[in-house]
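Here is a structure to explore. Please look it over before reading the report.

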Amino acid sequence: MSSPRGEFSSTFGFVMAAAGSAIGLGNIWGFPTQTAQNGGAAFVLFYLILTFVVGYPVLLAEFTIGRHAKSNPVGTYQKIDGGKNFVPAGFLGLFTVGFILSFYSIVAGWLTAFFVHPLLKMIGADSAAQWVVSQNTTSTVLFGSIFFILTILIVVGGIKNGIEKWSSRFMPTLLIMMLVLVGYVVTLPGAMEGVRVYLLPDFDKTMNPQLILSALGQAFFSLSLGVGGMLVYGSYTKKSENLVRLGTLVTLCDIGVAFIAGMLIIPAMYAASAAGTEIFDANGNLISEGNLIFQVLPALFDSMGTAGIVVSFLFFFLMVIAALTSSISMLEVPVAYAVDNRNMSRKKAAMLIGGFFWIVSIIIALNMSTLFSGVITLTTKYSQPILGLIICIFVGWVMNRNKLLEELKQGNPEIGNSLFMKIWPFFLKVVSPILILIVFLQSFISW
Ligand code: PHE
């Protein structure tokens with residue numbers, strides 16, 4: 001019998017949902033941009049190492065305590081011995097993820113507009129097509145709202161019929177579409193230069209400590225860590241699932257898609273440059289960093305003629321899907337709290353909480369210049385690393401080691417004497433917290 005809280009019905013569904021949460025704007029936009037800025041392959045190397053050394057241990061910690069308590073971040077700390085003092089961190093997670101959703105939906109709204117753009121062009125509505133992608137306040141609010149409503153509707157659908165169904169259907173499609181696009185982009189003139197930058201490290205830049213720190217931050221945001229999204233998804237898994245294996249699969253999917261996204265976007269940038277779009281300034285820095293995707297890629301698609309309309313439609317479609325499978329995991333965190341701790345119905349919780357953060361996102365959209373980057377910095381640079389650190393302290397130092405082991409043994413009986421159990425707790429106790437602390441301190445210094 002499945003639990004009344006809802007449960008993933010299959011291993012595949014769980015992996016797709018958790019990978020769907022991890023894979024989003026962070027991978028497909030953040031990772032390629034940061035790679036291009038930070039010396040190409042050198043950044044990729046550090047990102048890969050740090051994802052395994054820091055991201056993976058914290059991810060497993062979230063899965064394990066979530067499934068152990070079968071609850072949301074607040075409920076998890078309330079239920080596990082020694083967790084009472086950590087409850088405020090649970091609440092901080094609920095709010096942080098809500099605010100992340102508020103800015104995320106704005107960027108995802110722009111993607112939605114770029115997805116609609118080629119459709120309008122196809123029917124000859126050229127001035128409407130221009131208006132939707134102009135990123136003016138009205139179109140930003142309109143498309144951000146469309147994206148937000150979609151998120152709420154999927155979360156209302158619940159675990160099996162909402163999140164799992166959507167993720168299982170679209171994540172594989174996303175992967176296939178990206179591979180097809182990579183195949184297309186690398187044939188374009190100039191694209192090979194991008195492939196070279198992406199795959200051959202520039203070791204001059206490797207010496208820059210900022211590079212390592214940005215790679216750590218990227219690994220952290222990309223795996224959705226700290227705010228409880230992975231904890232809540234862990235709470236919806238069956239006891240018979242092998243969490244170590246699932247965590248490995250999710251991490252590999254996250255890395256895999258980031259890697260493929262890099263293989264798509266970096267050569268596309270160089271192809272755009274060969275086609276006459278300026279992407280670097282005189283010093284070799286990327287122009288318009290944050291907005292690159294919205295300037296360079298449409299220019300690239302335009303230069304492809306009619307085929308470009310189709311490619312642009314496919315590309316932005318898959319971007320919206322990737323963002324959606326992340327945004328539903330964000331809204332699910334406070335919704336799970338309302339359902340578990342406040343006995344609210346899922347529908348009411350999704351509408352009320354979703355409605356609240358939707359209003360927050362409209363307020364941000366109406367005050368872009370003052371609020372937008374501030375909210376991003378507060379949530380992702382400060383709150384996420386602090387919360388990740390707190391999870392390490394709780395699981396590494398406070399939680400009873402036997403309880404942790406018992407939980408992991410379910411679905412993986414041999415784990416007790418494995419090398420994994422010798423290494424993982426040490427990472428959680430010492431290595432990961434120290435590295436997270438470095439990211440956190442760095443965000444102070446660079447601000
Ligand atoms: N990992 C998501 C991405 O890469 C972002 C995210 C952050 C999702 C926090 C959930 C929680 O886009």
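The report below covers the ligand and the cavities.

## The model

This is a predicted model, in which local features need pLDDT of at least 70, side-chain atom pairs count only at pLDDT 80 or more, and totals for chains, interfaces and linings use all residues. Residues are numbered from 1 along each chain as its sequence is written, and side-chain values use heavy atoms, with hydrogens and water left out.

## Around the ligand

The side chain of Tyr-104 places an N or O atom 2.5 Å from a ligand oxygen. A polar side-chain atom of Asn-27 is 3.2 Å from an oxygen atom of the ligand. Ala-22 uses a backbone N or O atom, 2.9 Å from a ligand nitrogen. Taken alone, the ligand exposes 320 Å², and the protein buries 100% of that (Shrake-Rupley method, 1.4 Å probe). Helices are DSSP runs (H or I, at least four residues), numbered from the N terminus.

## The largest cavity

The whole structure holds three cavities of 30 Å³ or more. On a 1 Å grid over the protein atoms alone, a cavity is a set of points where a 1.4 Å probe fits but cannot get out; lining residues have an atom within 4 Å of a point. The largest cavity has about 160 Å³ of space. Its lining has 18 residues, and Ser-21, Ile-100, Phe-221, Ser-224 and Met-330 are the closest to its centre. H1, H2, helix H5 (87–122), H11 and H15 each give two or more residues to this lining.

What takes up the largest cavity? The ligand does.

## The second largest cavity

This cavity has about 70 Å³ of space. Among its 13 lining residues, Pro-73, Tyr-77, Ala-89, Gly-226 and Ile-391 lie nearest its centre. Helix H4 (73–79), H5 and helix H17 (368–398) each supply at least two lining residues. The lining of the second largest cavity divides into eight nonpolar, four polar and one charged.

How values were computed. A polar contact is a pair of N or O atoms within 3.5 Å; within protein, one must be able to donate a hydrogen and the other to accept it, and residues adjacent in sequence count only if both atoms are side-chain atoms. On a 1 Å grid over the protein atoms alone, a cavity is a set of points where a 1.4 Å probe fits but cannot get out, and a pocket is an open set with protein on both sides within 12 Å along at least five of seven lines; lining residues have an atom within 4 Å of a point. A molecule sits in a cavity or pocket if more than half of its atoms lie within 2 Å of its grid points. Grid points are joined across faces, edges and corners, and a volume is the space filled by probe spheres set on the points. Ala, Val, Leu, Ile, Met, Phe, Trp, Tyr, Cys and Pro count as nonpolar, Asp, Glu, Lys and Arg as charged, and the others, Gly among them, as polar.
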